[in-house]
Amino acid sequence: MAMQVPALAAVIGYAVTGVELQSACDQHDNARKMSANYSILAQCGVQWFNRGMPDSATKLSIFDHSRASAGLRYVYPVVSRRAGGVSVGINLNTNNACNWRCIYCQVPDLRHGSAPPVDLPLLGNELRGFLAGLLQGDFMAANVPAEARRLNDIALSGNGEPTSAAEFEQVVELIGQVLGEFGLTGSIKLVLITNGSLLRRPGVLRGLTRMARLNGEVWFKLDSATPAGRLRINHTRQTPGAALENLRATARLCPTWIQTALFEVDGLPPSAAELQAFLNFLARCKDEAIPLQGVLLYGLARPSLQLEAGRLSALPGPWLESFAAEIEVLGLAVNLST
Ligand code: SF4
């Protein structure tokens with residue numbers, strides 16, 4: 001397959017994850033390293049990458065996070081509003097099963113449970129094909145808005161809790177192998193987006209250790225720090241204390257951000273007691289010197305697909321900015337997306 005240098009430049013010429021545009025010579029060298037993978041491409045959807053979409057209305061946007069958008073089982077593209085580029089998503093929960101039920105969750109037909117067994121060879125082939133399409137095809141030009149044509153990361157996320165997959169550790173190993181094949185080890189991030197509830201399972205801890213060596217990062221969900229709030233927002237009975245223990249173990253293995261969504265329910269913002277409990281939780285993390293990267297603070301960006309959808313609404317931007325400032329007073333960085 002001929003390499004398309006302009007498209008490649010669009011893919012890798014960005015600074016966010018540290019992949020700088022190198023000379024064309026360097027990139028062709030990368031392409032030669034990847035040439036061993038070309039035979040795989042035809043098996044796993046590269047035709048789709050090069051076919052493009054019919055018009056600009058169908059380009060991927062920050063509002064289109066459909067896991068089916070690439071027509072693959074595990075791998076899908078996401079344009080990330082936070083990072084302003086393309087994230088290669090890996091959905092291990094192909095059965096739409098999660099051990100939580102967050103009232104703002106955007107997973108359709110969400111059901112309670114764990115990820116099904118992972119077909120590791122298929123996942124590897126899909127990831128190789130997808131990366132080749134991004135790095136060598138015209139996927140970006142055909143499918144991604146001009147302002148977002150850069151590769152940010154690989155993200156273990158999807159239609160449920162990714163660490164519920166029994167093969168989580170092997171999945172991380174496999175991603176590391178594929179990144180190595182493409183000469184990308186350490187130059188793009190590997191992000192785990194998790195509710196944090198299963199992170200002390202031995203296989204998950206081993207996976208986190210491996211992730212740290214792959215420029216990994218954990219986004220650990222914490223929407224409430226009270227038992228009642230966690231039951232109401234996340235439908236989990238896992239206590240804030242258990243979440244703190246998991247956070248402690250996780251942050252010491254791999255760089256970790258707390259990820260928090262705040263919104264109105266029935267027209268009301270979170271109560272003062274809820275907000276104070278959240279700040280107290282963060283203050284305790286600071287007191288214990290848990291090495292957090294900071295807080296990723298989100299408003300309500302996309303419509304919930306849960307029963308409670310009609311009861312949820314976005315908080316005003318200034319409200320979120322004011323709360324972000326309260327977090328910053330604790331000495332934690334805040335990355336706010338309204
Ligand atoms: S943890 Fe994530 S996938 Fe699970 S219910 Fe909550 S938002 Fe949905």
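The following legends describe close-up views of a predicted model.

**Figure 1. Overall content of the protein.** The protein contains twelve helices and twelve strands. Of its 338 residues, 43% are buried. Among contacts with a separation of 6 or more, 78% are made by residues 24 or more positions apart.

**Figure 2. The residues around the ligand.** The shell includes three cysteines, Cys98, Cys102 and Cys105. Trp100, Arg101, Val107 and Leu110 also stand around the ligand. Sorted by class, six residues of the shell are nonpolar, two are polar and two are charged.

Figure 3. Strand β8 comprises residues 256-261 and is mostly covered, with six of its six residues buried. Thr256, Ile258 and Thr260 point one way from the strand.

**Figure 4. The pairing of β8 with β7.** Strand β7 covers residues 216-221 and pairs with β8 in the parallel sense. Four bridges make up this pairing.

**Figure 5. The pairing of β8 with β10.** Strand β10, formed by residues 292-298, runs parallel to β8. The two strands are joined by six bridges. Isoleucine 258 has valine 295 in β10 as its bridge partner.

Key. Residues are numbered from 1 along each chain as its sequence is written. This is a predicted model: local features need pLDDT of at least 70, side-chain atom pairs count only at pLDDT 80 or more; totals for chains, interfaces and linings use all residues. A residue is near a molecule or strand if its C-beta atom, placed from the backbone, lies within 6 Å of it. Ala, Val, Leu, Ile, Met, Phe, Trp, Tyr, Cys and Pro count as nonpolar, Asp, Glu, Lys and Arg as charged, and the others, Gly among them, as polar. A residue is buried if 20 or more other C-beta atoms lie within 10 Å of its own, exposed if 12 or fewer, and partly exposed in between; C-beta atoms are placed from the backbone. Two residues are in contact if their C-beta atoms, placed from the backbone, lie within 7 Å. Two strands pair if DSSP finds at least two bridges between them.
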